[in-house]
Amino acid sequence: ESRLFDRVVKEQDHRFAETARDCMVAGDKLILVGEARGYHDGGPEPVERDRRMVIEHDVAADGLPTWTVGGPGPGVQSRALAVDVDDQGRYHTVGYTCLDACEPEGEVRVYSPGGKLESQVPMGPLGSASFGPHDIAWSPAGYAVVALAELQGQSTVFKVQAFAPNIYGPLWTFTPSDKQGIQIAFAVAVGPFGQRAHHGAREVRDVEE
């Protein structure tokens, strides 16, 4: 079965290009996150921008999906890049916000079913959109684990952080002591007893003197 998800504000007014970055199943609902690009704000000179989106689709019913599209603040653009569901059924999303000249700042947002925003925790400047954040996983320890990368001096290092709802700042941060090559964390998984597995990539280059 195939389904199309098209954000339509007015009937027959297809103004947005939607991109899904991640998805998961929560009970009978399919949850997709990403961004809707288009003319979100009114005015005489509208600007085409990205805004984070969360789509809830009940696969057991034949109804319309529920759309949650972020407004401005902080910044004027945003993207949701990954999602996971906690033990209360809330959607933990991670992504970034920025201005029109995009210098991304990471953010973890938590939504209850239906799209109500429950928590919004900043992660600070990311340095580059290529650093992520690339994935998020809920832990039974009561926080979400995020996979990304960070620029430390001249090195791009593998980075994993933990964030809890409405607690500003990471609970803990892991970066490897070996900073050789370019390292990026792309995926994270958490076991039922809080075990963590991280997956990333490293590029090592030979340099001729």
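Here is a quick tour of some strands, a disulfide and a pocket in this structure.

What you're looking at is a predicted model, where local features need pLDDT of at least 70, side-chain atom pairs count only at pLDDT 80 or more, and totals for chains, interfaces and linings use all residues. Residues are numbered from 1 along each chain as its sequence is written, and side-chain values use heavy atoms, with hydrogens and water left out.

- Strands here are DSSP runs of E with at least two residues, numbered from the N terminus, and two of them pair if DSSP finds at least two bridges between them.
- Strand 7 covers residues 105-111, and because 6 of its 7 residues are buried, it is largely enclosed by the rest of the structure. Buried means under 20% relative accessible area, exposed means over 50%, and partly exposed is in between (1.4 Å probe, protein chains only).
- On one hand there's strand 6 (residues 91-98), which runs antiparallel to strand 7 and is joined to it by 7 bridges. The two make a hairpin with 6 residues between them, and tyrosine 96 sits opposite glycine 106.
- Strand 8 (residues 117-125) also runs antiparallel to strand 7, with 7 bridges joining them. Valine 110 has serine 119 in strand 8 as its bridge partner.
- Strands 7 and 8 form a hairpin with 5 residues between them, and glycine 114 in the turn has a positive phi of about 105°.

**The disulfide**

- There is 1 disulfide in the structure, meaning a pair of cysteine sulfur atoms within 2.5 Å.
- It links cysteine 98 and cysteine 102, whose sulfur atoms are 2.1 Å apart. The link is left-handed, with -100° about the S-S bond.
- Cysteine 98 is buried at 5% relative accessible area, while cysteine 102 is partly exposed at 37%.

- An open sheet of 4 strands goes in the order 9-10-11-12, with antiparallel pairing.
- Its edges are strand 9 (135-139) and strand 12 (172-174), each pairing on one side only.
- Strand 9 and strand 10 (residues 143-152) pair over 5 bridges, and aspartate 135 stands opposite alanine 147 in strand 10.

**The largest pocket**

- A pocket is an open set of points on a 1 Å grid over the protein atoms alone, where a 1.4 Å probe fits, with protein on both sides within 12 Å along at least five of seven lines; lining residues have an atom within 4 Å of a point.
- The lining of the largest pocket includes Arg3, Phe5, Leu64 and Trp67.
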